[in-house]
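Subject: Structure handover

Hello,

Here is the structure I promised to pass on. Please open it first, then read the notes below it.

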Amino acid sequence: MALKEQQRGGFTSRMGFILAAAGSAIGLGNIWRFPYTAGENGGAAFILVYLIFVVFLCLPALFAELAIGRATGKSPVGAFKALAPESLWKFVGGLGVFTGFAILAFYSVVAGWVLGYLGKALAGHFSAGMDIATSSEQFTALITSKGLSIGLTGGFLLLTALVVRGGIQGGIERASKILMPIFFVLLVGLAIRSVTLEGASAGLYFLFAVDLSKLTIPVVAGALGQAFFSLSLGMGAMITYGSYVGKEARLPGAAVAVAFFDTLIAMLAGLIIFPALFAKGGGAQVTGGEGLVFTVLPTIFHELPAGFLFAVAFYVLLGIAALTSTISLLEVVVSYFVDEQGWTRERSTWVVSFACFLLSIPSATNVSFLALQNTIFGKYALSIGALLISLFVGWKWGVRPALAEIEGGRPMPFGRLWAFLIRYVCPLAIVVVIVAVILGIST
Ligand code: PHE
């Protein structure tokens, strides 16, 4: 293997790639961001639009990013340079690198909260249970302890940096092959407990009874951003992961599997949070924002068998799910400096992580700042990134070479549909939503 390849590494198997891509996709976006965003946007109608976006926009966009990555074997900036030399398209890669950096800066704050909750679980805090109001106070106490919040954020970034620096992603992937199924079982357990609580039906109603009159432009824009965020799209994470996949791996099946599990886990999170929230009389807090998941869970752990262990295991596994996502965010930025600026992986990792830590401080100390960063980068920058990537594949690089890359000699069933979606539907849908937001149309 040439030195250059050794520096970049690669997945040794298709399974390794699926695990890494699923690891990137599944994280706080599913467990933390999806429920509170659904809560703020009225529930069922939001979820319906979200599902439509996953199938008709995100899945095509996921194919497109993987194709760009595998065709070029490069991270975002280099990939656009390779496919469209001497053009401005490389700035789309640059936007992605910056967006990844900015997302990491608030994502690691929330991951820090998970570490804080792990500490609480270990201290037996949830063993006796508590009501929504007490739980909510405890959340506020954690996020307003500025020193603690900064420390936990830094701790999580350090963990991420250690993995990315050492290039031991392989180990993490193999571990998540065992750990994520366990996480899944815990989530199913929590969901069953939650929906069988007395009074849970109001939560189910909120989740499933679609009221189309709630479908406003802000709700649609929220669903759009959430769908891209949850699938790690619009900033080049999947381009980067695609660049590590061998030519022989079949992409379409892998992409569908990743999107399916990511969506399933988000739905499970909804099934855990809303029935429990309403059953515990916290229905009024449904629009309460960033604290939703952290507030609801401590009220139900004690009602599960082995509640103490359950809570500890839950936060450990959620932390690992978050880690496999922060790894992918950091990897995009680090590989930019390695591939394009000639830095060593070591230097790139430490410089980027430290800079990210500095940028995370405003979010770690002020939840409104976190919310702002989340909206600008987690919602709009990703939507715009996905728009530009779909325009690039549909109109500049071309659907033919992209499709050939995706198919790898084995024609896939919906090839023409994919080409239509990526050329017309993705760009138009995103433009319509963004223009409507800019014009301030609210219904
Ligand atoms: N998809 C990740 C999650 O849901 C977050 C993420 C967004 C990761 C963008 C990489 C890129 O938690």
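Start with Glu346. Its relative accessible area is 39%, so Glu346 is partly exposed. Please keep in mind that this is a predicted model.

**Salt bridges**

Glu346 pairs with Arg165 in a salt bridge, and their closest N and O atoms are 3.7 Å apart. Glu346 sits in helix α16 (residues 345-365) and Arg165 in helix α8 (residues 146-166), so the bridge ties together parts that are 181 residues apart in sequence. Arg165 is partly exposed because its relative accessible area is 34%.

A search of the whole structure gives seven salt bridges.

Next, look at Glu303 and Arg193. They form a salt bridge, with 3.8 Å between the closest N and O atoms. Glu303 is in the loop between α14 and α15, while Arg193 is in helix α9, so this pair ties together parts 110 residues apart in sequence. Glu303 has 26% relative accessibility and counts as partly exposed. Arg193, at 23%, also counts as partly exposed.

Then there is Arg345 with Glu331. Their side chains meet in a salt bridge at 2.9 Å, N to O. Arg345 belongs to helix α16 and Glu331 to helix α15, so the parts tied together are 14 residues apart in sequence. Are these two buried or exposed? Arg345 is buried, with a relative accessible area of 13%. Glu331 is buried as well, at 2% relative accessibility. The cut-off for buried is under 20%.

One network also turned up. Arg70, Lys247 and Glu405 are joined in it by salt bridges that share partners.

**Cavities**

How many cavities of 30 Å³ or more does the structure hold? There are three.

The largest cavity has about 140 Å³ of space. Its lining is made of 14 residues. Nearest the centre are Ser24, Tyr107, Phe229, Ser232 and Leu329. Helix α15 gives the most, with three residues. By class, the lining of the largest cavity has eight nonpolar residues, six polar and no charged.

The second largest cavity holds about 70 Å³ of space. Ten residues line it, and Ala20, Ile172, Glu173, Tyr241 and Thr324 are the closest to its centre. Here α2, α9 (169-195) and α15 are the elements that give two or more residues. Helix α9 gives the most to this lining, with four residues. The lining of the second largest cavity divides into five nonpolar, four polar and one charged.

**Two residues with positive phi**

Go back to Ser232, one of the residues nearest the centre of the largest cavity. Ser232 has a positive phi of about 55 degrees, although it is not a glycine. Its place is the loop between α11 and α12 (237-243). Ser232 is at 10% relative accessibility, so it counts as buried.

Ala306 is the other one to look at. It is not a glycine, yet its phi is positive, at about 50 degrees. Ala306 lies in the loop between α14 (292-296) and α15. Its relative accessible area is 51%, so Ala306 is exposed. The cut-off for exposed is over 50%.

**On the surface**

A nonpolar surface patch covers about 760 Å². It is made by Trp395, Phe414, Leu417, Phe420, Tyr424, Leu428 and Val432. Helix α18 (residues 415-438) supplies the largest share of the patch, five residues. Trp395 is in helix α17 (residues 367-407). At 46% relative accessibility, Trp395 counts as partly exposed.

Last, find Phe56 in helix α4 (residues 44-72). Phe56 is partly exposed because its relative accessible area is 41%. How far apart are Phe56 and Tyr336 in space? They are 30 Å apart, C-alpha to C-alpha, and 280 residues apart in sequence.

Best wishes

Key. Residues are numbered from 1 along each chain as its sequence is written. This is a predicted model: local features need pLDDT of at least 70, side-chain atom pairs count only at pLDDT 80 or more; totals for chains, interfaces and linings use all residues. Side-chain values use heavy atoms; hydrogens and water are left out. On a 1 Å grid over the protein atoms alone, a cavity is a set of points where a 1.4 Å probe fits but cannot get out, and a pocket is an open set with protein on both sides within 12 Å along at least five of seven lines; lining residues have an atom within 4 Å of a point. Grid points are joined across faces, edges and corners, and a volume is the space filled by probe spheres set on the points. Ala, Val, Leu, Ile, Met, Phe, Trp, Tyr, Cys and Pro count as nonpolar, Asp, Glu, Lys and Arg as charged, and the others, Gly among them, as polar. Patches are made of residues with over 30% relative accessible area and no salt bridge: like charges are joined within 9 Å, nonpolar side chains (Val, Leu, Ile, Met, Phe, Trp, Tyr) within 5 Å. Accessible areas come from the Shrake-Rupley method with a 1.4 Å probe; for residues, only the protein chains shown count as cover. A salt bridge is a side-chain nitrogen of Lys or Arg within 4 Å of a carboxyl oxygen of Asp or Glu. Buried means under 20% relative accessible area, exposed over 50%, partly exposed in between (1.4 Å probe, protein chains only).
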